[in-house]
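Here is a short briefing to keep beside the structure while you look around. Please have the sequence and the 3D view open together.

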Amino acid sequence: MVFGQGNCPQIVSQALAAATNTCIDTQRNLVCYGNFRLDVQTRAGQDQNFAFDNQGDKAPLKQIASLKLSSYNEANNEWGVAVMSLQATLPDTSPGQNVTVLLFGNVEIADATSEGSKPMSAFYFQSGIGDAPCKEAPDSGILIRTPKGAGQVTLSMNEVIISLGSTAFLQAQPGNTMSISMLEGQATVANQTVTAGSKVEIPITDTLSPSGPVSEPIPYDFSVIARLPTTYLDSLVNGTQIETACTISANHDQVTLRVGPGQNRNTVAFMPQGDFAVTGQARVGDTVWFQLAKNEVLPQKANQVKEIW
């Protein structure tokens, strides 16, 4: 199979759309595998008794020690995306209200909660800065949104206590600074109130601990904020699917279609000519497999198979 000719804007938009559509049902205190590639470390003393290798896989945050997302790699069609749904300081009586966290690009995050706290209510993180792979793509970082009407939610990020209401963009570079930009609402960061349209910066050490006071709020760079995937965050929060134009076609008439991802899965037919919509992805070993809409690619056998890859 030949993946539709990809360039940076397409790869990034397809990654975000796929992540949104497969992670839209992520429940409280779970993390969802949005797009390749993510590397996960489980907590000490716990086995990884869950699948977390393919788009849409979900895992309990209480078992996750850290996540590492891949930076942009066009050759391998990689740009890491993950989605987390946090309870943080929200009450147990409101299970439908969660903090939505969208991570993308060169980001590493590690749980730092103490025993008895909700998972990922405290964490260390770092990200690329100024690393957008093309002008249409965002810099690496984390978008985070608290639920409407829930008031401010308290989180600890790189040992800095933040009371957040609405939507923020986070970046951090070891040995440099952590920045918190408010897109909507406001946040309290130490003794500073940060309102929409502004950001604060905190100097941090190589180990991500704060090494100085929080700066006075300053206007953020709109050219950076304008490229953030807020539309996809909206869809995750509102539960609406993203339409995607990702398609696939065969470069010869002997491309086999299978009932699942992998060379060991049963063959269904040869792929017909034409462009067909991609509805999912899975990685088996070093190979990326693409799921196709069975009613479109093989309507005559749609009732005989559950999936087409």
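This is a predicted model: local features need pLDDT of at least 70, side-chain atom pairs count only at pLDDT 80 or more; totals for chains, interfaces and linings use all residues.

Residues are numbered from 1 along each chain as its sequence is written, and side-chain values use heavy atoms, with hydrogens and water left out.

**The largest pocket**

- The largest pocket has a volume of about 440 Å³. A pocket here is an open set of points on a 1 Å grid over the protein atoms alone, where a 1.4 Å probe fits and protein lies on both sides within 12 Å along at least five of seven lines. Points are joined across faces, edges and corners, and the volume is the space filled by probe spheres set on them.
- Its lining consists of 24 residues, and Asn98, Thr100, Leu236, Val237 and Asn238 lie nearest the centre. Lining residues have an atom within 4 Å of a point.
- β6 (81-86), β12 (160-172) and α3 (230-238) are the elements that give two or more residues to this lining. Helices (H or I, at least four residues) and strands (E, at least two) are DSSP runs, numbered from the N terminus.
- By class, the lining has eight nonpolar, 11 polar and five charged residues. Ala, Val, Leu, Ile, Met, Phe, Trp, Tyr, Cys and Pro count as nonpolar, Asp, Glu, Lys and Arg as charged, and the others, Gly among them, as polar.

**Helix α1 against α3**

- Helix α1 (residues 8-23) packs with α3 at an angle of about 10°, and their axes are 9 Å apart. Axes are lines fitted to C-alpha atoms, for helices over the stretch in contact, and angles run from 0 to 180 degrees between N-to-C directions.
- That makes α1 roughly parallel to α3, a label for angles under 35 degrees.
- Ser13, Leu16, Ala17, Thr20 and Cys23 of α1 meet Tyr232, Ser235 and Leu236 of α3, where contact means heavy atoms within 4.5 Å.

**Strand pairing**

- Strands β13 (residues 177-189) and β15 (residues 198-203) run antiparallel and are joined by five bridges. Two strands pair if DSSP finds at least two bridges between them.
- β15 also pairs with β16 (residues 218-219) in the antiparallel sense, over two bridges.
- Lysine 199 of β15 is the bridge partner of serine 181, and the bridge partner of lysine 199 in β16 is isoleucine 218.

**Backbone details**

- The peptide bond from phenylalanine 36 to arginine 37 is cis, with omega near 5°. Arginine 37 lies in the loop between β2 (30-35) and β3 (38-42).
- Alanine 88 is not a glycine, yet has a positive phi of about 50°. Alanine 88 sits in the loop between β6 and β7 (99-104).

How values were computed:
Angles under 35 degrees count as roughly parallel, over 145 as roughly antiparallel, 65 to 115 as roughly perpendicular and the rest as oblique.
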